[in-house]
Amino acid sequence: MSIERALELAEAARGRAYPKPTVGAVLVREGRVVGEGVTEADGRHGEVVALEQAAEAARGATLYVTMEPCAHHGSTPPCVDAILAAGVAKVVAASLDPNPAATGGLEVLRTAGVEIELDDRVGARRQNEAWRTWVVHGRPFVTYKVAVTLDWRVTVPGSRWVSGEESRRLVHELRAASDAVAVGMGTVRLENPRLDARGVGATRQPRRLAFGSGLLPEGSVLELRPGPLEQELQRLGEEGVQSLLLEGGPTLGGAFLRARLVDKLLLFVAPVLAGTGSGPVDRLDEPIRPVSVTSRMVGEDVLLEAYLREP
């Protein structure tokens with residue numbers, strides 16, 4: 001089905017259009033793909049790219065798109081105008097646009113006589129999870145990353161690391177894909193971490209933050225964020241930070257979880273028993289049940305990915 005192809009296009013181009021969302025589009029006419037597109041670095045939307053490729057073949061075609069076509073004038077004209085001008089007969093969207101300034105494209109098309117279908121896909125929403133959270137809530141999408149042993153400890157006696165080399169490389173890739181990375185002041189005092197993305201060909205470095213109070217160590221490259229967590233996240237959102245990777249210890253992780261500010265949990269489980277040490281969260285006021293949990297192997301570790309809310 002061509003919605004899957006549109007999702008593939010968007011996934012392959014993830015982050016290309018930052019800070020805009022990435023949208024994949026496929027035009028099909030009489031069973032044949034006549035145009036494909038994805039949001040470009042210059043801001044052109046995937047629908048427009050696909051329409052340009054299809055040219056006259058777009059007339060009477062079906063457009064499969066990973067997010068509802070926009071209906072507003074932003075840095076580019078509304079995609080719905082281009083779709084109507086091209087004579088597209090049907091539009092199938094895998095998600096709605098959550099941006100209050102741009103939503104409503106499907107309704108505009110329906111009113112103009114285009115057949116529409118919403119084929120709501122969790123995968124489509126997750127492709128732009130950080131942007132969606134930023135647009136809707138005005139704060140970054142927060143991912144709490146933590147490595148634990150089989151007996152749920154965050155340290156291993158006599159070892160600097162809990163997780164394996166492949167997991168540590170993935171963490172650097174996560175940093176490179178994040179707008180900001182943060183720890184708490186407890187971690188700062190113990191480790192004075194750099195929090196930069198190393199060895200993964202990062203094209204940009206994330207902002208590196210420390211939540212808490214006190215003085216940063218001399219020579220620290222971190223930004224101190226001493227205010228209440230909710231306020232600091234709102235300020236980061238106002239500064240354009242869409243994604244935050246939280247690498248703090250149990251105290252900071254617990255504080256974010258109690259405040260219901262964690263959107264996704266990445267738990268690297270290493271095949272070792274530590275026998276002593278603290279867990280990944282200091283305390284919770286009540287149990288938190290994820291809306292979904294998946295697992296996969298990363299080297300010798302198991303990575304659990306838990307969404308605490310859907311984007």
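This is a predicted model: local features need pLDDT of at least 70, side-chain atom pairs count only at pLDDT 80 or more; totals for chains, interfaces and linings use all residues.

Q: What makes β4 and β5 a pair?
A: Strand β4 (residues 90-93) and β5 share 4 bridges, in the parallel sense. The cut-off is at least two bridges, so the two strands are paired.

Q: Which residues touch the most other members of the largest nonpolar core?
A: The core has 24 residues, and L27, L51, L63, I83, V88 and V91 touch the most other members. At least two residues each come from β1, α2 (46-54), β3, α3 (79-86), β4, α4 (105-111) and α6 (129-137). Take I83: leaving aside neighbours within four places in sequence, I83 is in contact with L51, L63, P69, V88, V91 and L109. Another core, of 22 residues, lies apart from it and includes L209, F211, L252 and V269.

Q: How does the span of α7 compare with the expected one?
A: Helix α7 (residues 165-177) has 13 residues and reaches 19 Å from first C-alpha to last. The expected span is 18 Å at 1.5 Å a residue, and the value is close to that.

Q: Which residues of α7 are buried, and what do they pack against?
A: The buried ones are S167, L170, V171, H172, R175 and A176. Their packing partners are β6 (141-148), β7 (180-184), β10 (243-246), β11 (264-269), β12 (292-298) and β13 (301-307).

Q: Why is the pair E247 and K145 called a salt bridge?
A: The closest N and O atoms of E247 and K145 are 3.6 Å apart. The limit is 4 Å, so the pair qualifies. A search of the whole structure finds 33 salt bridges.

Q: What does the pair of E247 and K145 tie together?
A: E247 lies in the loop between β10 and α10 (250-258) and K145 in strand β6, so the pair links parts that are 102 residues apart in sequence.

Q: How do you know whether E247 and K145 are buried or exposed?
A: Buried means under 20% relative accessible area. E247 comes out at 12%, so it counts as buried. K145 has 14%, so K145 is buried too.

Q: What about D151 and R153, which also meet in a salt bridge?
A: Their N to O distance is 3.9 Å. D151 has a relative accessible area of 23%, so D151 is partly exposed. R153, at 26%, also counts as partly exposed.

Q: Which residues belong to the salt-bridge network?
A: Salt bridges with shared partners join R207, E223, R225, E232, R235 and E239. Within it, E232 and R225 meet at 2.9 Å, N to O, and both are buried.

Definitions and conventions:
Residues are numbered from 1 along each chain as its sequence is written. Side-chain values use heavy atoms; hydrogens and water are left out. The expected span of a helix is 1.5 Å times one less than its number of residues. Buried means under 20% relative accessible area, exposed over 50%, partly exposed in between (1.4 Å probe, protein chains only). Contact means heavy atoms within 4.5 Å. A nonpolar core is a set of buried Ala, Val, Leu, Ile, Met, Phe, Trp, Tyr and Cys residues joined through side-chain atoms within 4.5 Å. A salt bridge is a side-chain nitrogen of Lys or Arg within 4 Å of a carboxyl oxygen of Asp or Glu.
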